[in-house]
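The following paragraphs are meant to be read alongside the sequence and the coordinates. They begin with single segments and proceed to the contacts between chains.

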Amino acid sequence: MSETATVSSRISDSFWRRPTILLLLLVTPPLLWLGIVYLGSLFALLAQSFFSIDEFTGLVRYEFTLKTYAELFRASNFDILVRTIVMASAVTIASAIIAFPIAYYAARYAKGRWKAVFYLGIMLPLWSSYLVKVYSWKLILAKEGILNWLFETLHLSWILQAYLAIPVVGGNSLSVSWTGTFLVFVYVWLPFMILPVQAALERVPPSMLEASGDLGASSSQTLRHVILPLALPGIIAGSIFTFSLTMGDYIIPQIVGTSARMIGQAVYQFQGTAGNIPLAAAFAVVPIFVMGIYLTLAKRAGAFDAL
Amino acid sequence: MHSKASLGLKITATCGLLFLHLPILLIFVYAFTTEDKSYQWPPPGFTLEWFGVTWNRPDVWEALGLSLRVAAISTVIAMVLGTLCAAAVARFKFFGRETISLLVILPIALPGIITGISLRSAFNIADIPFSFWTIVLGHATFCIVVVYNNAVARFRRTSGSLVEASMDLGATYFQTLRFVIMPNIATALLAGGMLAFALSFDEVIVTTFTAGQQQTLPIWMLEELVRPRQRPVTNVVALLVVLVTFIPILAAYYLTRGTETVAGQGK
């Protein structure tokens, strides 16, 4: 046996006798990377949120304080938090409503070639460029764009005008209204909702639906009392994505929407132009905190099995 | 139960799919429009002129080159780390196993802006200047999860007795790795790699925090979205980006088809 073969078989033997060595070899590199690069940075961020900015010099004062967190509750900042969480909830609910029929059809009725069509039909939009998707909505919502043209051609502009006159959701045009922001969010995150709901529905045995029907339930009763409860973990799993992604996004509200900010934009501006890193860090902690609660609740509802 | 879908379900499902696809199709039309000052619909005319203009733009080429290099290197790092992690989680039961799978998913479960600002403040504290490598560092971190997801699913389906049989027949660990494990997981790895590449190629939120003066293609696009300079060129670039990202996704689909590994699940 050659020299190298002996060495390799000896190492191989030691792996067999002590699997722990192999395990350590496997987990150490990814653990080091994620531990140092990711968790390290996360802690660096957390630490910054306990500092404050000196009002006179504008420099960061490196002393422990909760002052920066107190600033989150100032009316203008607190509005940002409320606005973001309301938007994230609305987007999540709308995504669930639109996603359900697609997921249900794909899971129950799509067979063979259609199954592939549905699969790719969800996967391609999911993986297409985020910015291109946002851009396409800038084209759609523009004053001279396709949506206004459609309303005009159908002589329905008055409906659009009446809708835009509604305070809060309306505005000068769709591209500078909350409705616009909301539409883009729903569009961009919808596939993240469809996939887990579809996965949950695929696990519902058809015999269970037959049993429900045999026992005299109408299809709407079966939907309400059998299918929906079984799909719920999937919906919750999907909502983790839609909620979290909406909460942290700063590009969509910047490109389509009003001038009122969301958490992501606040973080971006405070760390950039304003140079107030402690406040930016404190703002960034809010989504972590909210997602922490959300994930705990979701885990209790068994949503992780549907992921 | 009926074995056929009701009309209402068919209509809502179809409308949902159309809602997902029509906006992207619009990009295909706008790339050929002759209008260069606004987003006018319907386009007044069609032309191929802007493809030529885009071809001669050095800034587009530079951004594209940077994006491809970042995506390639991040993918390689993510493939190594993701596979190691998947092998450990799928093959062993150990203390902290759940924590590791959570740790891998975290960079994608938390909003990108948090990953971004965390990395940025860490770079500031450690006095690391922004460079090509700071971008790669961020990208590799959130790409690990995609490779991990694909690999872990395949490892779980590959029976452990295959490995044992190979060793019983006298193969060393390295031979088993080369002739038994690798052929079994190769397509899943390739699919994971493709998706990681697509993810990195498209990423913008983390990148804005970890890039200094460099412009990746998504950052270039973001600039154009916020402050449009030459709309037709943006239209053409948008079309090209769609086409470029479709290739790895379709490839990943065909690689994992029929194996129940849902390649793109949980982007």
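A helix, as the word is used here, is a DSSP run of H or I with at least four residues, whereas a strand is a run of E with at least two. The coordinates belong to a predicted model, which scores ipTM 0.83 and pTM 0.86.

The segment 273-297 is one of those that UniProt, in an unreviewed entry, lists for chain A under "transmembrane region"; the others in that record are 21-46, 80-105, 117-137, 149-170, 182-201 and 226-252. For residues 117-137 of chain A, the chain is 90% helix and 0% strand, with 24 Å between the end C-alpha atoms.

The domain assignment divides chain A into domain 1, residues 3-49, and domain 2, residues 70-306. Taken over C-alpha atoms, the centres of these two domains of chain A are separated by 38 Å. Contact between them involves 4 residues of domain 1 of chain A and 6 residues of domain 2 of chain A. On the domain 1 side, the contacting residues comprise 2 nonpolar, 2 polar and no charged residues.

Chain B contains 11 helices and 0 strands. Its C-alpha trace spans about 70 × 65 × 30 Å along the principal axes. Of the 267 residues in chain B, 46% count as buried. Among the contacts in chain B with a separation of 6 or more, 78% join residues 24 or more positions apart.

Chain B is likewise assigned a domain 1, covering residues 8-49, and a domain 2, covering residues 58-256. The centres of these domains of chain B, taken over C-alpha atoms, lie 30 Å apart. Here 7 residues of domain 1 of chain B are in contact with 7 residues of domain 2 of chain B. On the domain 1 side, 5 of the contacting residues are nonpolar, 1 is polar and 1 is charged.

B:Cys143 lies in helix α6 of chain B. This residue counts as buried because it has 31 C-beta neighbours inside 10 Å, and the threshold for burial is 20 or more. Apart from residues up to four places away in sequence, B:Cys143 touches B:Ser74, B:Thr75, B:Ala78, B:Ala196, B:Leu199 and B:Ser200. B:Cys143 and B:Gly192 are 49 residues apart in sequence, yet their C-alpha atoms are 9.1 Å apart in space.

Helix α10(B) leads from chain B towards the partner chain. Its buried residues are B:Leu217, B:Pro218, B:Ile219, B:Trp220, B:Met221 and B:Leu222. These buried residues of α10(B) pack against α3, α8, α9 (205-210) and α11 of chain B, and also against α6 (130-141) of chain A.

Between the two chains, 67 residues of chain B are in contact with 75 residues of chain A. At least two residues of the chain B side come from each of α1 (7-30), α3 (58-91), α4 (97-109), α5 (112-126), α6 (132-157), α8 (173-202), α10 (217-226) and α11 (231-256) of chain B. The most is given by α1(B), with 12 residues. By class, the side of chain B that touches chain A has 51 nonpolar, 14 polar and 2 charged residues.

The largest nonpolar core has 170 residues, and those with the most contacts inside it are A:Ala99, A:Ala103, A:Trp189, A:Val197, A:Val267, A:Phe283 and A:Ala284. Helix α9 of chain A, residues 178-202, gives the most to this core, with 18 residues. Which residues are in contact with A:Val267, leaving aside its neighbours within four places in sequence? In chain A they are A:Tyr250, A:Ala280, A:Phe283 and A:Ala284, and in chain B they are B:Ile113 and B:Ile117.

Note on methods: Residues numbered from 1 in each chain as written. Chains lettered and ligands numbered in written order. Predicted model: local features only at pLDDT ≥ 70, side-chain atom pairs only at ≥ 80, totals over all residues. Buried ≥ 20, exposed ≤ 12 C-beta atoms within 10 Å, placed from the backbone. Domains from an automatic or database assignment. Nonpolar A, V, L, I, M, F, W, Y, C, P; charged D, E, K, R; others polar. UniProt positions renumbered as here; feature names shortened; annotations may be inferred. Core = buried A, V, L, I, M, F, W, Y, C linked by C-beta atoms within 7 Å.
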